[in-house]
Amino acid sequence: MDVYLITDDGVRECAVDELPALLSGRHGIVWVDIPQWSAEAADVLSTTFGLHPLALHDCEVRNRLPKLHAYPGSLFLVLHAPERGAGGHVHHVELDRLIGPRYLVTVHGPVNPAVPIDVALRDTRDVLERIRAGRLRPRTSFDISHAIVSTLTRRMEKFVEDLTSDVWELERRVTDGAYGNPEHFLDEMFRTRHGLLAVKTIAAQTAEIYRRLAGLPRAVPEESRHLVTDLIDQFERIAGLAAEEKDYLQGVIEFYRTRTETKMTIAAERLAVIAVVTLPITALASVLGMNLIVNDRTTVIPLSVALAVMLAMSGSLLWWAKRQGWW
């Protein structure tokens, strides 16, 4: 657990036992960052910050949906960020925040064991470095929270951009006809579409949470309401970008499937022509073969007539198939 006091003079690292004095002070913003949940974290949040037991439970377990709980004097929010995993799987990296008048608590995870802990911490670490370098000078805890979420949305936008690059490559392979194994190629397209659908869902759900926050009276100080509006716009934009790209990829998939189905239809028609041409030969041979060609002798004239009839019937059917446009 890391404790920081952010003032106009910069960032000062503090000890956990300094929290009561820091929170009772009148200067600076107290930021508590909890990389991993622990009994100490639960004790600090319940005793020092008075966090509600339901919110404590949400910090301890993985949440599958974003959440918002408004308490007197504080807000508790749960949101997720997408992270690409093996085989096209999309991990939902969770970040919980408790926002008060002069303090911010960020709780990371729990995360999937396949996700490195650095992935969960990079947004908060980026904002902390910006504050230390003087590139960000927050006036309220909402400013820090907004900076963290804005960093997260930039990564989500990069996530969509990377998937868009995959979509362009898939489209090129479809139009060039260079997609190799059809089953593997179709699997690639559906995995890419899954990634776009995942980020669209995360962004749309989070935008809905912030819209609810914007509608709560007195939940956000007036000077910070524009930050909530900005985050709504950011998440709606990402959801829109992902949705449009998903629709574009769906068009590529339909193009590929139509081309494949057309090839299969043509192949089936040609096989039907072959079956039509060979059917009379097979039928006559099965009926007359044993009577025209035997071990002792072969009746040449009946055999010749039968062969001529076979050729005539096959030729007629071939001509008819041509007239029908089958080949």
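By class, the second largest cavity is lined by six nonpolar, two polar and three charged residues, where Ala, Val, Leu, Ile, Met, Phe, Trp, Tyr, Cys and Pro count as nonpolar, Asp, Glu, Lys and Arg as charged, and the others, Gly among them, as polar. The model is predicted, with local features needing pLDDT of at least 70 and side-chain atom pairs counting only at pLDDT 80 or more, while totals for chains, interfaces and linings use all residues. Residues are numbered from 1 along each chain as its sequence is written, and side-chain values use heavy atoms, without hydrogens and water.

The second largest cavity holds about 70 Å³ of space, and the residues around this cavity are A81, V93, E94, L95, H108, V119, A120, D123, T124, L152 and R155. Two or more of these lining residues come from each of β6, α4 (117–132) and α5, with α4 giving the largest share, four residues.

In total, the structure contains two cavities of 30 Å³ or more, a cavity being a set of points on a 1 Å grid over the protein atoms alone where a 1.4 Å probe fits but cannot get out, with lining residues having an atom within 4 Å of a point. Sorted by class, the lining of the largest cavity has eight nonpolar residues, two polar ones and one charged.

How values were computed:
1 Å grid on protein atoms, 1.4 Å probe; cavity = no way out; pocket = protein on both sides within 12 Å on 5 of 7 lines; lining within 4 Å. Points joined across faces, edges and corners; volume = space filled by probe spheres on them.
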